[in-house]
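Biologist: Hi! Could you walk me through this protein?
Modeller: Happy to, here it is.

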Amino acid sequence: MTTPDPNPDLPRVRLMPKANARAIRHGFPWVYANELVTDRRTKALKPGALAVLEDSARTPMGVVAVNPASRIICRMLDRDPNAHIDRDWFARRLAHALALRDRLYDAPFYRLVHAEGDGLPGLVIDRFGDTVVVQPNAAWAEARLDDLTAALVEVTGVTTVLKNAAGRTRALEGLDDESAVLAGTAPSAPLPVPMSGATYMADLTGGQKTGLFYDQRPNHAFAARLAGPGTRVLDVFSHVGGFALAMLAGGADHALAVDGSAPALELAAQGAAASNLSDRFETRQGDAFDTLAALAEEGAQFDVVICDPPAFAPSKKALDAGLRAYERIARMAAPLVVPGGYLGLCSCSHAADLANFRAACTRGIGKAGRAGQLLRTGFAGPDHPQLPQLAETGYLKALFYRL
């Protein structure tokens, strides 16, 4: 008796003999273009098409999304070769993700889906109460937005679903940069988000990424413990108030938020007002490096300095330049910290691993003539679960030194 082929309606794609099939069987979610047999039929598949992945011996391994135009040519969606990727499938994945957040958080403000970390490759969803912002950064998710949106509304009960099409990875997948309203009505003003003891204002339609960064929440909480009475705080690359608002809520006397974006700083000021912290909050717009240099010339000193820059090393090609930038930030920030004060340095570059990032920061502190105790190494919160087989899902690092 022969075993019927799984998913007979789906095309087959096959690994080359040299490909590491064992790693994929053990949970690695990607197949690179040089690991797949790319015959004429495979090359003719539309970006985002589904297929059954086979090893070189033609044993089915699971259902994958295929994008012949991408360096990541296959993304594993389901290790069951018989799986059907439909609305019900999305609902099951989303319910699994929601159950974790319901256990972790008292209010519906969190990252609901963290791409591969939640079994939905290339898909990021952040939740803001009754509104969610979806970033479909892979072609398969873009092609199935209708099923995804219906499942989102069904599982979570949200009323508004927004699509954010910004981001470098969409271009790598051959996708456009047109954002859209998928369900409900886009908010006409920034939404208040309670987090870290403060209120943050999230611009879901015109802000960076999905409007707010939830990943730093546990690092905000640690920084707030350093901010007792009399504490003066400098928060560089503050975005919409980031560490500054959390430390003010934790009892700091004064915080200066620095960012290159005037709209972001305006949202930070609105957050300070909503948190009743305006009298202790100040903003300064400008390039971070220029502002650090200016503060040093002014003789400014702070009890806590935090630098949370954008990704200086977004790819392996940018790694060396990125590490030099992290070292420079540490070298310029360290002299602004009072003796016995604290310096927090962050990286969201997955290409810069923890060891390289820590070495660059420690080198910069030393070149500034300071010595530091490393107190804490922080990562993203548990609403950003890591897929252990994929380092990219654990991109965030935060180092806290006492100088």
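Biologist: Thanks! How many helices and strands does the protein have?
Modeller: This is a predicted model, and its secondary structure comes to twelve helices and 19 strands.

Biologist: And how compact is the protein?
Modeller: Its radius of gyration is 23 Å, close to the 22 Å that the globule rule gives for 403 residues, so the protein is as compact as a globular protein of that length.

Biologist: What percentage of the residues count as buried?
Modeller: Of the 403 residues, 53% do.

Biologist: Which residues touch the most other members in the largest nonpolar core?
Modeller: That core has 39 residues, and the ones you want are Phe-128, Tyr-200, Leu-212, Met-247, Phe-281 and Phe-400. Among the elements that give two or more residues to this core are strand E12 (198-202), helix H8 (242-249) and strand E19 (397-402). The largest share, six residues, comes from H8.

Biologist: Nice. What does Met-247 touch?
Modeller: Leaving out residues up to four places away in sequence, Met-247 touches Ala-223, Ala-224, Ala-227, Val-233, Ala-252, Val-304 and Ile-306. There is also a second, separate core of 36 residues, including Phe-289 and Leu-319.

Biologist: Switching to pockets: how much space lies in the second largest pocket?
Modeller: About 160 Å³. Its lining includes Met-76, Asp-78, Arg-93, Glu-116 and Leu-387.

Biologist: Which strand gives the largest share of that lining?
Modeller: Strand E5 (residues 72-78), with three residues.

Conventions:
Residues are numbered from 1 along each chain as its sequence is written. This is a predicted model: local features need pLDDT of at least 70, side-chain atom pairs count only at pLDDT 80 or more; totals for chains, interfaces and linings use all residues. Side-chain values use heavy atoms; hydrogens and water are left out. On a 1 Å grid over the protein atoms alone, a cavity is a set of points where a 1.4 Å probe fits but cannot get out, and a pocket is an open set with protein on both sides within 12 Å along at least five of seven lines; lining residues have an atom within 4 Å of a point. Grid points are joined across faces, edges and corners, and a volume is the space filled by probe spheres set on the points. Helices (H or I, at least four residues) and strands (E, at least two) are DSSP runs, numbered from the N terminus. A nonpolar core is a set of buried Ala, Val, Leu, Ile, Met, Phe, Trp, Tyr and Cys residues joined through side-chain atoms within 4.5 Å. Buried means under 20% relative accessible area, exposed over 50%, partly exposed in between (1.4 Å probe, protein chains only). Contact means heavy atoms within 4.5 Å. The radius of gyration is taken over C-alpha atoms; the globule rule is 2.2 Å times the number of residues to the power 0.38.
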